[in-house]
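Good morning, everyone. Please look at the next slide while I talk.

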Amino acid sequence: MDFAKIVGRIKAILGSPRTEWPVIAAEPATIGGLFRNYICIVAALPVVTQFIRGTLIGHGGFGVHVHTPLGMGLLGMILHYALTLMVTYVAALIVDALAPTFGGTKDPVQALKTVAYGWTAGWVAGIAMIIPWLGWLVAIAGLIYGIYLLYLGLPHTMRCPTDKAAGYTAVTVIAGIVLSWIVALVVGGIFGTAVLTGASATGMHVTRSDGATVTVDPDSALGKLSAIGANTARAAKDLDNAQKTGDVAAQQTAMGKLMSGDGKRVATSLSPQTLQGFLPDELDGMKRSDFNAQRSGAMGMQISTARATYSDGRVRTLQMEVADAGNVRDVAAVASPATPTTEDQTDRSYDKTYTDHDRLVHESWDVQTKSGEFSVVVADRFTVKASGNAEDIDELKQAVNDLDLGRLALLKNAGIGDH
């Protein structure tokens, strides 16, 4: 196994996919070889990261250390890994079966190449989940970029006409979503039924009308996700055209549309100065210090953050943060209600994530150190977090609620427009 070759392939497919896909399509390979020499290594990255995060590092901070028991963590990691490999192969079978529908050529090895290298962005970005709370934004960006990789790769690997690549990509993404949900249900210990055959359980069916189209209940979670997949596939075509022309401004606009999940709108996160306005000089009798705000961006994403420390000079010290990642709002709107309730508890601490009044909430608390964290997602766009030392978790909750969350929610469409 050549690890240098694996790293080189990852860099090439992520950095220059338009030139790398023809190379991938032309090189000889076998299903077993693809699994041994690439998939088994790269697909393990997010799985191992989740094990490290949940079992070895634990959740929380500021004295909170909630860990998944080692035995349960190892079992979950092994099960997750095995199901990931299985889903990769099943997804390749689906890509292969759909090829004639979109004018392509069936080839199981090329189909597995498509899935393996198209999913590379999502697997690699999954490493970011080790970052508390906001790491999922990076993971989402990786998944969206993976849609772009699929769009570029299908004409080379499956030999479909370029004008049908967007539709082929959209159907492939929907299949991947369903399969991923199955894995999440099994690994999470929640057993249910998900049928990829047009059953009403998913609300999806495939029809033929001048080609293949996918019809989904638009109000269902799968319907919203499928819309994101279809929109992103169209945005990927715009990005591909912009890269061919060499127009840097057009490339930046197209990448913004790609990462939005909407496929049409480019979003600019709020200015650091605007976010600063939500952190008052004084909070519940504590004075503000260590005040800073910044905006950063890459790969079509923009994230603005404002942070401040509040202290009463004696016992209480809180860190407050307001963050904005506007161009993943549409994806977050689907992800928030679909996020399952989780809770880990020990004799001295707990860590849980849940949805309260359509807002995704995370809280953790350590009884002995009297420290913890409380975070809430506002308007599927802004993250507001309080962390540090307090008398109890209710003080952290109150600190978050003392900020003007209603005024922040009114800015949910700020900086978002058609381009």
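I'll go through the cores, then the salt bridges.

First, the ground rules. This is a predicted model, where local features need pLDDT of at least 70, side-chain atom pairs count only at pLDDT 80 or more, and totals for chains, interfaces and linings use all residues. Residues are numbered from 1 along each chain as its sequence is written, and side-chain values use heavy atoms, with hydrogens and water left out.

Now the cores. A nonpolar core is a set of buried Ala, Val, Leu, Ile, Met, Phe, Trp, Tyr and Cys residues joined through side-chain atoms within 4.5 Å. Buried means under 20% relative accessible area, exposed means over 50%, and partly exposed is in between, with a 1.4 Å probe and protein chains only. The largest nonpolar core has 40 residues. Those with the most contacts inside it are Trp21, Tyr38, Ile39, Val95, Tyr117, Met158 and Tyr168. Several helices give two or more residues to this core, among them helix 1 (3-15), helix 3 (31-42), helix 5 (70-98) and helix 9 (165-187). Helices here are DSSP runs of H or I, at least four residues, and strands are runs of E, at least two, numbered from the N terminus.

Take Ile39. What is Ile39 in contact with, leaving aside its neighbours within four places in sequence? Leu34, Ala44, Leu85, Thr88, Leu112, Ala116 and Trp123. Contact means heavy atoms within 4.5 Å.

There is also a second, separate core of 30 residues. That one includes Ala308, Tyr350, Ala390 and Ala399.

On to charges. A salt bridge is a side-chain nitrogen of Lys or Arg within 4 Å of a carboxyl oxygen of Asp or Glu. How many salt bridges does that rule give? Twelve.

Here is one: Glu27 with Arg9, at 3.0 Å, N to O. Glu27 is in the loop between helix 2 and helix 3, while Arg9 is in helix 1, 18 residues apart. Glu27 is partly exposed, at 25% relative accessibility. Arg9 is buried, at 12%.

Next, Asp281 and Arg288. Their closest N and O atoms are 2.9 Å apart. Asp281 is exposed, at 55%, and Arg288 is partly exposed, at 27%.

Last pair: Arg316 and Glu395, 3.8 Å between the closest N and O atoms. Arg316 lies in the loop between strand 6 (301-311) and strand 7 (317-324), and Glu395 lies in helix 14 (residues 393-402), so the pair ties together parts 79 residues apart in sequence. Arg316 is buried, at 18%. Glu395 is partly exposed, at 24%.
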